[in-house]
Structure formats: structure tokens, C-alpha cells
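I opened the model to look up strand pairing, helix packing and the nonpolar core. My entries follow in the order in which I made them.

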Amino acid sequence: MEGNHVMDVRERRWLYLLIAVFLVFNVITFSPLVPWQQWLLWSHPAPNKSFSIDIADYQMHFPAGGISVKAGEYVEFVATSRDVTYGFGVFRPDGTLVFQMQVLPGHQNRIIWKFDKPGTYDVRSTEYSGPQHSAMHYKNVISVTP
Amino acid sequence: MIRLGWTEKWTLRFAVVGLLCLAVAGFEGTLMRIDQYNADALRGMEALLNNIRPVAQAPTQAEVFYSMLSAHPIVGIYGFAYMLVMGAFYFLVPFLLQKEIRHKILVPINFWLQIIGVAICWSSGFFLMFNALYTLYWPLPVAYDRVPVLGSIGFTIGAAIIMINILLFSYNIFSTVVSKNGTQQYSIPAFIRSAFGIPRLLKRLGREDKGAPNMDYNGMPVFIVAVGRGSIDTVINAFVLLTAGALILVFGLAKLLNITLDYTAIDALIYKNWFWWGLDMVADGNVLMYTAGVWYLLIPLLVGRRLFGENVVRTVIMVDLLVSMGVWSHHLLADQPQPMAMRIISGQLITWGEFFTMGLTIFASMMTIWLARPIKLTAPLKFVLGSIFGFIMGGSAGLIQANTGLNVVFHNTQWVIALHAHAMLLGGLSCLLFAVVYAVIPMLTKLEIRSQRLVDLHFWLWVPGTVLMTMVMSRAGSLGMLRRTIYDASTYTPYTGVAIIGALLIAAGFVVFLVNIIATLGLANVLSLFLPESWFTRQVREAAA
């Protein structure tokens, strides 16, 4: 009823609709219907390979042997910063984003990924770290083979 | 010449300065987009401006861009939005409560301190090249190989002045609400207990204190409830940002004195949690509660019907206050060291609390309008509807990105800043403030808004311009275009080009709005707000002679 603390029936129906949207959206996005949720949230697989990326003074230092992985295998990226916050983002050659994480100084920043398409991928910092941030773009540093 | 009272004059002064800040923020935003579209387009202007910058070396294009990007939100939020909110609340709170502002001396102090604080922050960017952005992620603001130490100190002092000023403003609003004709009616702690619903809880437990202030089931106007509950977030935000500022200031002063402090003593993750906890009191707290309050105030006034479900919305505002205290982890979804449980609970699920509070707020607002049919679509009501549309658009985008799965591809992209932040600010908040201006000017001056056609033109330039700009950039963001990143000619250049067209529509809408407001008030009246009254009296006398 309007005017007291009891909800009007129309408002209650609206609340039920809100609850339904909440449930549907969250169930779907927690589920493997968002593909990477399967390993980021649920299965936590042991990675087939692990690569360390060291970042300092606007420079990303990649492993000496390069980053070469197979499509379909689980790969771990471990990024560390020696000064400020950066980001670690993997992009396709056309500039579209595959995945990313923040790189906090003083912490090991780990993410596991499974590439599904062979090709070469770029890495760029996805967090502002000072005026030279935009230049932190490394082309073709990840190679994914079939 | 119209005769304006003291309060009315100050409200209009806040509004004029706030709107000037909106113009500056819009100009900055457009310059940055032009710079993204064509890196050479602004070289001439930059070279000219470098002549007045007191720095030894001409700054790089990136330094200029990021300095502007650091100043831009301060001018937009604290220059535009807060100035208008202060002006509006200083009129509406006494008007609704039928009593005077408790500490009148604080009104001009708030006005000037806000201008000074924003001007210092802006100058620290423009002249001293402060470029650590508003996020101030530790230890960037004290990494003096990237951020000039004087700029860092200046920006922090400016921000501290703003925060102290906001605390003074909130204190004045609190004490006005709790005072009764000059004599304290309630204490502020009692008022705060009421904001958190403690008296209501005690009543449920059979221990009701009938003398305590109560926001839930007595006659206190629902707008005042929203202002009271929202201002708690305002105070917490100001306090937290002050602590971050003090830390940065200590490092800056030590640097000037050649004392080396170890920045690794501060954990970047804990700092980030603290900072976002405080900042979200504004982004996810007071802005939603103040907005809800203004809808609850304006809509019944404009449609001539009492608010639908008034007692329910009082509870909704309290839930909003509680939710705002637990949502901050949605800014840390891409931070892998942040515990996953925090990311899921605080970052995603509690953040969805805003879906329910805003969902019910919008329902109550729309039902009030629906049940009042037939209604006259007046200027403020149009912009109220525009603001509801803006909040739906920006809020939906926010919920999509505040998601442990989807944030992997949305974090720090143009999606976040365009379809979430700018849709909220330009669609939601700005439309709401325009609605307030259109509603309050006739109340203050007894003048009707000059041209309804210009109101329509303002609306149909501003809202579609906002939709165009934010939608096209959100599309670029959903593909992977980053925010805070300068792109050379890239896949994303055409998106930026279309966004500039959207920005120009917004700018045209703003010019139309200003023309209409100045035509309504009269240029002489606008100028009289800032020039000595004796000068104007003399001019009028001479003109008459």
C-alpha cells in the first residue's frame, strides 16, 4: 500500500523482475559461458608453461627465449613491477584486446590464459604509469602455434 | 534589474561558476579527443601555450595530454558538479525546512575555497605539468622521475582545500538540518545514528526513543533524508582523500628538503583499496543519493502529485548508504593480488546492490510521473527524464564491467570512461543539474524561462550528443581501445572522429542553454552577481537621468 512501509504490489513485482535480472546475469557471467571463467574462477588448472615479465622504468622485459605457446594449452603470465603500477594486456595485431591484468608493484601478478587461435599477439601496458605510458607497446611478442 | 535576496544571489553565483567549469571541462575533453584524432592538429596552440609555462624544458605532447587529463575530472566534478550542488542545496535545504542556513558565513567561504582549490589543481596541471591523474595510484604521485614534485605538491594542496571545503559544507548542511530556529534541536551524532536507521531498529526492538531524529517514518522531507544520508558519504570521501593527499604531500615536502623517503613502505594494494573505498563514497554513494533526493523533490513538485511509495524510498536511500560502503573492489577486479572473495563479494555482488536501489528509485520516480497523467512536459521535467535515461545507460554499463568475468576485457578501456562514467556524468548528473537550474531559477527570481524552443533544442542537442559520444567510444572500448592511452593513427581513429561530432553537439546544446539562461535573467543581472551593487545602482541612476 502506498503511504506506509509495505510495498505496493506493482513495486513488489518490479522488485521480483530486478531479482530475476540479477540472478540471470550473475549466473551466466560466473559460468563458463564466459569462456575464461572456466579456468579463472572454477578449474584453476596447473599451467603447461609459465612466463615471467619484469617491468621497470617504462620497459617490459620478456623471457630471453621469447613467449611461444600452443593453442589450447594453459599458460601462466607472472608480471612484476619494480617501480609503479603498470598493466599487462595482450592484444591481437588489429589492436583488439584478448585479456589483461594490473601489475601492482611489490606483488606477483599472475594470470592464466588459454589461447584458442594461433597467430602473433602484441603486449602493451594497460595502466597509466607516467607520460611515456602509451609507448609501452610491444609488437608480436607472443607466438601461438596450432 | 531584478532584486535578489542574499541566498538567491549566492545560489546563482555558485551556478555561474559551476557552469563556467563545465565549459572548461568540455573544452578540455574536446581538445584531448582532437589530439587523439590528429596528433598534429594542436601543435601550434601547444607551442604558444608553452611560452607561459614556467618549466625549464618545453613539455612533450604526452605530458601536456596527461596533465590536462589529470585536471579535467577535478574541474568537471569539483568545479562543475559540486559548485552546482552547493548552490542548489544552500537554497533548497533552507527553503524546504523553512529556516535559515545555520552558518551563513560559510556560504561565501565555501564559494571561494572551492574556486581556489579547483584553480590550484588546474594550475598544477597546466603550469606545473602534474600528470598522475585523479587515481593517484601509489607510488606514481611520488615517482618524481615521471611526475614533477612541485606539481604533485600543488595538486595535493588544491585537492586538500577542496576536501576541507566539502567538510565545511557538509557540516553546514548537517547543522542547518538539525538546528531549529537558531537553537540546536538535535546533535549531529544523533542525526548520524538516524541516517543509519538506528532509531528505526530500536523501535523494532521495542526501545523507541521518540525524541531522537528519525529519517524513516516521520515528516522529514525525503529530499532532506537523501541529503543527510548522502552527506555521510561526502564526509567519508573527503576524509579518505585527505589522508591520501597528506601522504603525497609529506613525500613531496621531504623531496624538497632532500630527504629520501621509502615509497615501498606503503603497500600499493592496501593504498588502492583505501583510496577507492573513499572515492566510491562519491562515485557510488552521494551522487546516487543526492540524485535520488532531487528526483524525489522535483518530480512531485513538477507533476503535482505526492511521491509514489515515499516510505519505501526512505529505506532505499539507507540501503544505498550501506551498499556504498562495500562496493569499492569493482575497481580492483583486474588486480590479481586482490583476494578473489573480495572481488566477487565487494566487486560484483555488493555492487549489484546499486541495481536494486537505483532500480527502485527509478521505479518510484517513473510511477509518480505515470500516476500523475496527464502531465505537462516542462523544461525541468524533460531534463529529469533525460537524467533518468542517463543513469540507466551509465548504470547498466557499470554493472556489466563490475563483473569478475567481463572486467577482463573491459577494465581500463574506453567502455568504462565513456558508457559508464560520461553517460552518468553528462547524461545523468548534468541533465539533473540542468533540471535543477530550470526549476530553481523561476523560484529564485520569479522569472519564467525565456524560450521553451531553446529548452527543446538544448535537450535534443545535449542528450543525443551524449549518446553518440558515449556509445561510439564504448564500442571502441568493447573492442579493446584503452583509456588513458594516446593512440597514433589506429583502428580506433574513426571512433574518435565520430565522438568529436558527439562532443560538438553537446557543446552546441550547452551554448543554447547559456543563451536561454542569460536571456531569462538578463545580462545585467548576471553581471550584478559579481560586481559591486553600488556600481550598478549608479549605472541605473545615470541611465534614468
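Entry 1, a strand pair. I began with strand β1 (residues 49-56) of chain A and strand β4 (residues 74-81) of chain A, which pair in the parallel sense over seven bridges. Strands here are DSSP runs of E with at least two residues, helices are runs of H or I with at least four, and both are numbered from the N terminus. Two strands pair if DSSP finds at least two bridges between them. In β4(A), S81(A) stands opposite I55(A).

Notes on the source. This is a predicted model, in which local features need pLDDT of at least 70 and side-chain atom pairs count only at pLDDT 80 or more, while totals for chains, interfaces and linings use all residues. Residues are numbered from 1 along each chain as its sequence is written, and chains are lettered from A and ligands numbered from 1 in the order in which they are written.

Entry 2, the sheets. I traced an open sheet of four strands in chain A, with the order β2-β1-β4-β7 and mixed pairing. Its edge strands are β2 (59-61) and β7 (109-114) of chain A, each pairing on one side only. I then traced an open sheet of five strands in chain A, ordered β3-β9-β8-β5-β6, also with mixed pairing. β3 (67-70) and β6 (97-103) of chain A each have a single partner strand, so one side of each is left without a neighbour in the sheet. Strand β5 (residues 86-91) of chain A pairs with β6(A) in the antiparallel sense over six bridges. I found G89(A) opposite Q100(A) in β6(A).

In chain B I looked at helix α3 (residues 61-97) and helix α4 (residues 106-126), whose axes come within 8 Å and cross at roughly 170 degrees. Axes are lines fitted to C-alpha atoms, for helices over the stretch in contact, and angles run from 0 to 180 degrees between N-to-C directions. That makes α3(B) roughly antiparallel to α4(B), a term for angles over 145 degrees. Residues making the contact (C-beta atoms, placed from the backbone, within 7 Å) include Y78(B) and G79(B) of α3(B) and G117(B) and W122(B) of α4(B).

Which residues have the most contacts inside the largest nonpolar core? They are A226(B), Y296(B), A435(B) and Y438(B), in a core of 213 residues. Such a core is a set of buried Ala, Val, Leu, Ile, Met, Phe, Trp, Tyr and Cys residues joined through C-beta atoms within 7 Å; buried means 20 or more other C-beta atoms within 10 Å of a residue's own. The largest share of this core, 23 residues, comes from α3(B).

Note on methods
Parallel < 35°, antiparallel > 145°, perpendicular 65-115°, else oblique. Contact = placed C-beta atoms within 7 Å. Buried ≥ 20, exposed ≤ 12 C-beta atoms within 10 Å, placed from the backbone.
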